Amino acid sequence: MKLDGKVPSGPIEKRWSKYIADLKPVNPANKRKFKVIVIGTGLAGGAAAATLAELGYNVHAFTYHDSPRRAHSIAAQGGINAAKNYQNDADSVWRLFYDTVKGGDFRSRESNVYRLAEVSANIIDQSVSQGVPFAREYGGYLANRSFGGALVSRTFYARGQTGQQLLLGVYSALNRQISLGKVTMHNRKEMLDVVIVDGRAVGVVVRDLLTGKMESHYGDAVVLATGGYANTYFLSTNAQHCNVTATYRAYKKGAFFANPCFTQIHPTCIPVSGEHQSKLTLMSESLRNDGRIWVPKATNDKRNPNDIPESERDYYLERMYPSYGNLAPRDISSRAAKRVCDEGRGVNATGNAVYLDFSDAIQRLGQQVIADRYGNLFEMYERITGVDPYNNPMMIYPALHYTMGGLWVDYNLMSNIEGLFVLGEANFSDHGANRLGASALMQGLSDGYFVLPNTINSYFGKGKPQTISTDHPEFKKSEVEANERINKLIAINGKETPTHFHRRLGKIMWDHVGMARNEQGLKLAIEKIRELREEFWQNLKIVGTASNINPVIEKANRVADFMEFAELLAYDALERDESCGAHFREEHQTEEGEAKRNDADFSFVSAWEYKGIGERPDMHKEELNFEFIHLAERSYK
Amino acid sequence: MKVKLHIWRQNGPNDKGKMVDYNLDNVSSDMSFLEMLDILNEDLILKGEEPVVFEHDCREGICGSCGLVINGKPHGPESGTTTCQLHMRKFKDGDDIFVEPFRSKAFSIVKDLMVDRSAYDRIQQSGGFISANVGSAPDANAIPIAKNIADLAMDAAACIGCGACAAACPNGSAMLFVAAKSSQLNLLPQGQPEKNKRVRAMINQMEKEGFGGCSNYYECEAACPKNISVRFIAKMNRDYFVAVVKEGTKV
Amino acid sequence: MFKYLNHVVISKFVMAITGIILILFITGHALGNLQIFLGKEALNKYAAFLQGLGEFLWIERIGLLVAALLHIITSIYLKLYNYNARPDKYVVKRYIKAKLNSRTMIWTGLMIAAFVIYHLLHFTVGSIQPENYKYKEIYTQNAYSVEYNANATSLSSQDNDNDANIGVNKILYERHDVYKMVVLGFKNPYISIFYIVAVILLGFHISHAVQSFFQTLGWNSPKYFTWIEKLSVAYGYFIAIAFLIVPLSILLGIIGSNV
């Protein structure tokens with residue numbers, strides 16, 4: 001099957017505007033007759049739901065949370081990029097485009113990225129008009145900070161809570177539409193299946209988490225904005241409930257899953273403290289603006305960091321990457337941390353941590369300035385570790401953070417299934433093999449506010465799709481299957497909890513499909529995943545019933561999908577026999593240990609087609625053509 | 001360390017509910033409070049008992065899902081900290097720990113420690129927004145906003161909507177939440193056109209939801225995990241006074 | 001008229017505004033009382049001045065009564081409303097910031113209200129200790145002289161006593177002997193202690209009330225608010241002391257020992 005990205009032609013600066021000019025929009029009077037289902041109410045889904053409703057569509061939005069405001073977008077700390085060039089430091093749409101493609105190690109679609117860079121400025125305008133309190137200078141104008149992977153200062157921020165503030169902006173826009181009756185909000189409902197009739201997505205089956213009842217909902221289009229799958233690794237910076245179920249079940253229904261092996265490790269997380277750990281806490285990468293990363297030069301140096309003299313410290317990022325220094329992109333700094341820890345120079349009781357030191361910055365700028373910039377992060381660090389970071393260096397270690405892969409979409413953000421759109425982290429489109437800091441918020445909002453509300457016309461412009469009754473056998477079949485799966489989980493009646501299996505799955509993934517991967521490890525991982533999955537289906541224990549709120553069932557149902565999905569992830573990592581961005585194959589590295597891309601053989605998107613549980617999925621390739629950016633080695637030296 | 005837990009168990013909104021005791025050994029002081037409950041729940045599942053239901057998600061203090069009353073204080077003994085960020089090192093070996101759900105007339109109990117906080121959503125829906133359609137925004141720097149005003153708006157905007165204010169208030173009042181939400185927008189120039197309508201609508205909805213009134217106990221401020229100041233309540237009162245004088249109470 | 005009770009925040013405004021009216025009155029009252037330390041003449045002159053206000057006195061009285069009634073009715077309504085807003089109580093509840101004065105406003109308020117009724121009956125209507133209430137200072141004039149009778153209780157008794165005198169006494173001026181009434185009243189230790197307790201409660205009530213007034217009406221700038229909170233407590237002390245110092249001094253014989 002040939003994958004068509006439906007990318008417009010012409011000069012890249014003109015593509016999006018020409019695309020919009022050529023659209024055939026739906027007659028405003030008819031829009032309310034189009035019912036759009038939006039799954040997920042984070043930045044992408046919430047923004048899409050609100051904006052589509054503003055345009056006049058009849059929107060039904062779903063979240064498994066008690067409120068749209070809880071979506072995990074809320075946890076993004078550092079900021080949002082936009083090519084505003086308010087700092088007069090030679091930023092431009094082109095530069096943001098270039099940085100993003102380069103940061104993604106040339107595995108993203110140029111046209112999508114250019115569009116993202118183009119609308120980035122509008123996102124800031126929109127958010128400010130909603131009352132998002134971005135940081136400002138004394139003159140009253142917006143402040144910026146710099147971020148990893150860029151040499152300009154283009155990141156807008158609201159203290160260390162940028163994601164929260166942007167999400168609250170989205171949430172307020174959504175609330176307005178709910179109060180106007182244009183969005184029907186369905187809280188505490190989890191999507192368990194996409195219903196497809198004649199190759200077209202016609203609706204979803206959701207489970208009411210309070211009553212356990214399955215419900216069918218018809219939609220003229222279905223929009224998935226359900227986030228990423230970092231929780232496949234059990235320990236990640238994602239929220240506890242983040243899961244792959246929605247996108248994975250769409251995949252099982254025929255949507256292609258693209259580049260699942262592109263999983264990002266974030267370099268600045270609080271290190272693991274023990275077996276009990278339920279999640280990892282990220283600290284904004286913005287800390288790297290003023291903090292210096294180091295480890296002792298000697299191996300196994302157990303001295304108090306404040307007692308280690310300057311001459312015995314190795315500021316390894318500054319040493320290895322003089323021009324970017326501590327701001328080297330995420331994948332590069334994460335792997336550098338792993339390397340120094342593997343050399344035995346890691347700190348903390350576990351030996352899996354490096355120092356992030358603010359003493360220079362505090363000396364230079366004063367504690368007050370540092371507190372203004374990072375106060376809440378410092379507080380958070382102290383709360384979790386019990387160590388005061390103003391007087392001791394922080395300890396950090398990389399953790400799973402973001403997944404660039406996701407359902408395959410074309411330029412319209414529509415998957416290979418008619419009428420099924422995918423936004424935000426749930427799609428694969430903009431970040432290639434690695435995402436730059438402060439770009440996730442940008443992509444989510446760009447998709448939700450500006451892209452989908454236009455591109456949905458490419459589907460709706462052909463006329464109103466025929467309404468399918470929720471009594472249609474396909475709906476009934478999906479409901480029955482979703483119910484049967486839950487009953488099957490309950491019926492196992494084994495001896496281990498869902499969390500137990502999840503933790504073990506995470507360990508396999510982190511050990512073999514983590515920061516550095518190799519063929520042997522990946523093959524072993526696939527084997528181990530299969531064994532674990534088998535054990536899961538024989539030895540899982542669930543208590544309580546499915547007809548009341550039951551977090552154990554919710555969790556088991558999600559873990560069951562992780563068990564299948566993990567294998568797909570490992571397949572993709574195995575198949576991509578090159579190193580690029582966050583995907584590091586030990587077989588392919590330069591002498592200095594940097595990722596070595598293979599453009600001749602792997603300049604494509606791998607889009608996987610489901611073939612059955614335990615069966616090898618089919619891979620389809622979308623070739624990536626770089627017409628505007630010259631493929632180059634990604635150097636941050 | 002060992003702890004003695006006394007946890008509120010309630011099967012549903014109409015169940016009566018009661019405190020149930022659990023002993024937990026092998027608690028590490030590095031655990032978060034919720035990780036400690038995770039361990040309890042894992043034990044309960046293995047024993048075939050239903051685990052304690054509590055709301056949680058991000059576990060980094062920002063989503064506002066979690067919220068337990070621990071030893072009589074919403075979010076527990078540490079100030080400016082959500083339940084998920086509270087760590088067991090704040091407790092001593094052998095401590096008795098009482099865990100209850102957030103209580104207010106407007107928060108009904110879903111199960112055990114999980115409460116229905118949709119009233120907060122409805123308050124927000126009543127007017128907690130600026131009507132700015134996508135596409136209509138001017139350049140973000142078109143209106144300069146003094147840094148102190150932007151900072152103050154950010155102080156208010158830090159609210160995570162957890163409900164601790166109403167849970168802490170002896171009156172079960174949501175004034176701090178409503179104040180934070182209305183003040184954020186009412187402080188900013190973008191929020192001025194709808195200022196009066198917003199504050200009237202939100203207070204009106206708050207009353208409809210059954211939250212109590214403010215008696216200036218300031219217990220909300222003390223319980224707020226984001227340290228939101230009661231001065232926002234004063235600001236909201238002022239805004240409301242002006243709005244009611246100008247436009248009456250009818251929304 | 002009571003429709004405002006449907007709006008909790010407006011009810012709070014009513015509480016704040018009526019409260020501040022009462023506080024202003026109480027402040028004037030306390031300052032007026034302190035004139036007892038200036039002696040009998042000063043106090044009785046002041047009392048006579050107040051009583052001589054005529055219709056203004058009644059406007060003030062009605063105003064205060066309305067303020068007090070609104071304050072009380074609103075507070076009871078709010079208390080019941082707020083109580084119902086938290087129908088399920090916590091098994092364990094610890095307060096962090098809510099001080100005792102803020103949590104007991106309704107109770108101190110109701111006790112103060114009960115006391116005020118007693119107080120009015122005592123010193124305004126005179127039905128608690130009628131024997132002390134009856135004293136008057138009377139200046140009379142007859143053919144020979146102007147006389148001052150400090151221990152008069154009523155004119156008629158005066159008349160009877162003076163029947164044997166030559167000429168008819170003409171009342172030049174008569175005023176209520178508040179000084180004597182107060183001193184005699186507070187010489188009773190039970191009454192004094194009762195008053196002292198009541199005004200301490202009043203001070204306690206006010207220590208929360210003043211800052212509450214600023215908060216409720218929205219005058220809460222972070223720059224000043226810590227001062228306002230301190231002022232509130234200081235004001236509570238001031239009011240309590242200003243009131244209790246009178247019965248205490250009488251009880252200890254510092255003033256009024258000659259009565």
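# How the chains and domains meet

The contact between chain B and chain A takes 74 residues from chain B and 78 residues from chain A. This is a predicted model, with ipTM 0.98 and pTM 0.94.

Q: What makes A:R159 and B:D155 a salt bridge?
A: The side chains of A:R159 and B:D155 meet at 2.9 Å, N to O. The cut-off for an Arg nitrogen and an Asp carboxyl oxygen is within 4 Å, so the pair counts. Across the interface of chain B and chain A there are 5 salt bridges, along with 42 residue pairs in polar contact.

Q: Which element gives the most to the side of chain B that touches chain A?
A: That's α3(B), with 7 residues. By class, this side of chain B divides into 34 nonpolar, 20 polar and 20 charged residues.

Q: How do you know what area is buried between chain B and chain A?
A: You take the accessible area that the two parts lose on being put together, summed over both. For chain B and chain A that comes to about 6,100 Å², with carbon and sulfur atoms giving 52%.

Q: How many residues of chain C are in contact with chain B?
A: There are 38 residues of chain C in contact with 48 residues of chain B. The area buried between chain C and chain B is about 3,700 Å², and carbon and sulfur atoms give 56% of it.

Q: Why is C:K97 with B:E221 called a salt bridge?
A: The closest N and O atoms of C:K97 and B:E221 are 2.4 Å apart. A Lys nitrogen and a Glu carboxyl oxygen need to be within 4 Å, so this pair passes. The count between chain C and chain B is 1 salt bridge, and the same interface has 25 residue pairs in polar contact. The side of chain C that touches chain B holds 16 nonpolar, 12 polar and 10 charged residues.

Q: What are the domains of chain C?
A: The domain assignment gives domain 1 (2-86 + 95-133 + 189-251) and domain 2 (136-176). Their centres, taken over C-alpha atoms, are 39 Å apart. The contact takes 7 residues from domain 1 of chain C and 6 residues from domain 2 of chain C.

Q: What makes C:R175 and C:E41 a salt bridge?
A: Their side chains meet at 2.5 Å, N to O. With an Arg nitrogen, a Glu carboxyl oxygen and a limit of 4 Å, the pair therefore qualifies. Between domain 1 of chain C and domain 2 of chain C the count is 1 salt bridge. Helix α2 (residues 40-51) of chain C gives the most to the domain 1 side of this contact, with 6 residues.

Q: How confident is the predictor about chain C?
A: On a scale from 0 to 100, chain C averages a pLDDT of 89, and 92% of the residues score at least 70. Over residues 156-160 of chain C, though, the pLDDT is below 50. Beyond near neighbours in sequence, that stretch has 3 contacts in the model.

Conventions
Residues numbered from 1 in each chain as written. Chains lettered and ligands numbered in written order. Predicted model: local features only at pLDDT ≥ 70, side-chain atom pairs only at ≥ 80, totals over all residues. Heavy atoms only, no water. Domains from an automatic or database assignment. Contact = heavy atoms within 4.5 Å. Helix = DSSP H or I, 4+ residues; strand = E, 2+ residues; numbered from the N terminus. Buried area = accessible area lost by both parts, 1.4 Å probe. Polar contact = N/O pair within 3.5 Å; in protein donor to acceptor, adjacent residues only side chain to side chain. Nonpolar A, V, L, I, M, F, W, Y, C, P; charged D, E, K, R; others polar.
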